[in-house]
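Student: I've got the structure open and a few things I'd like to talk through. Can we go residue by residue?

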Amino acid sequence: MDLTTDVDGVEQEVATGALPGWDQVERLVREAHERCRTHDAGRVADYIPVLAEVDPELFGVVVAESGGQVHAVGDADVEFSVQSISKAFVYALVCEAYGHREVLERVGVNNTGLAFNSVMAVELNDGHPRNPMVNAGALATTALMPGATPAEQWENVRTGLSRFAGRQLELDGVVYRSEAETNMRNKAIARLLESYGRIRIDPLEVVDVYTRQCALRVSARDLAVMGATLADGGVNPVTGERVVSAQVCRDTLAVLASTGMYESSGEWLFEIGLPAKSGVSGGIVAVAPGKGAIGTFSPLLDPAGNSVRGQRATAHLSRTLGLNLFASSVHVPERTEPSA
C-alpha cells in the first residue's frame, strides 16, 4: 500500500518522558532477574548445531538509560551470537546510507504473517521481501550494505554494529562455520530474490555476509547499549558518538514494533508495548524511545524462537518502569479557586 501522509517539511517533535531514579531502576532490574531466573520452560535452538550446546541456565538482564547509566544483573557479560537481532541494526545502517523512501521501496515494512524463513512469503508478493526482520528481507537489506566487495560489506556491518555497541564486536568463527554448513534455505531464498531482481549482486556472497553478521558476538549489556542508541536518537549514550540519524531510529523502531518478534509480534506489542527484536541464541533487545533499552539473554526459547525468561523479564520491566508505549493514566487538572 502506498500510504501518502504529506508531511514533507513538517518537523518531527518529540515528547517521551524519563526513567525513574538510579536506585529504583537498580532495584527493579534485580527484581525482574530474581522473579524469572528459576523459570525453566522452553528449549535451546538446535537447528544450528553449535547453539544446541549452550548452557540453558545462563540468564542476564540489563537496562541501559539514554543518559548513559547501565544497570546489569546476572550473566550480563556472557557473549553469544547476535543472530536475528543483527537485522535491526543492519537495517538502520542501510536506512542511513540510502534514506527512508529507497529502503521502503526495496525492502518493505509489513509483516508477512508467515515463518521467518518462508519462501512462500516471497512468491506471494511477486518477489518483494516485504519485511526486513524475516530472512528474505534481511538478505535484501544486507545486499544493500555499502561496500565495493563482500569483504568491504562485511567490515562495514561489523564496524557499524560495533559503533552501536560502543566496543569492537568480533566474529564467532565456530557459530559462523556451523551456520554456513546448514544455511541451504537462505541460499535458496537469496537465489529466488535474485530471480526477481531484488538482489543484484552475487546472492551466495550476500548469504555469506548475512551469516557472518548473525555470528557476531554480543552480550546482554551490548544489546542494551545498542538499543539505547536507537532510543537516544541515534547517539550512543555511553560513547557519545552519533551512529545514525534520529529519523533512522524512528523508522527502525516502527519496523520492530510490528515485526520484530517473529509470529508473536502482535501479541508482544499487545502485552508488553515496546519495539523489540529477538534472536534464536536467546537474546532480546527492547527499546523505550527517549528513555533507554532492555537487553536480556537466556537460551531457552518458546516455539516462535523467542527467549522465555527474556520475555518475562522484559514484560516485568515494561510494567514496573512505565515503558509500555500504550499505557497512560488519568490526567487530573490542577484546580484553581475563582477570583473574588
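Student: Is glycine 295 buried or exposed?
Tutor: Keep in mind that this is a predicted model. The relative accessibility of glycine 295 comes out at 0%. The cut-off for buried is under 20%, so glycine 295 counts as buried.

Student: Which strand does glycine 295 lie in?
Tutor: Look for the strand that spans residues 292-297.

Student: Leaving aside neighbours within four places in sequence, what is glycine 295 in contact with?
Tutor: Contact here means heavy atoms within 4.5 Å. On that basis, the partners of glycine 295 are Gly60, Val61, Val62, Ala220, Leu223, Ala224 and Ile284.

Student: How far apart in space are glycine 295 and valine 238, C-alpha to C-alpha?
Tutor: In sequence, 57 residues separate the two. In space, C-alpha to C-alpha, glycine 295 and valine 238 are apart by 15 Å.

Student: Why does threonine 211 count as buried?
Tutor: Threonine 211 sits in helix α9, residues 203-214. Beyond its neighbours within four places in sequence, threonine 211 touches Tyr176, Glu179, Ala180 and Asn183. It counts as buried because its relative accessibility is 4%.

Student: What is the mean pLDDT of the protein chain?
Tutor: Of the residues in the chain, 90% reach 70 or more. Over residues 113-119, though, the pLDDT is below 50, and this stretch has 17 contacts in the model beyond near neighbours in sequence. Residues 123-128 are also below 50. For the protein chain, the mean pLDDT is 90.

Methods. Residues are numbered from 1 along each chain as its sequence is written. This is a predicted model: local features need pLDDT of at least 70, side-chain atom pairs count only at pLDDT 80 or more; totals for chains, interfaces and linings use all residues. Side-chain values use heavy atoms; hydrogens and water are left out. Helices (H or I, at least four residues) and strands (E, at least two) are DSSP runs, numbered from the N terminus. Buried means under 20% relative accessible area, exposed over 50%, partly exposed in between (1.4 Å probe, protein chains only). pLDDT is the predictor's confidence in each residue, from 0 to 100.
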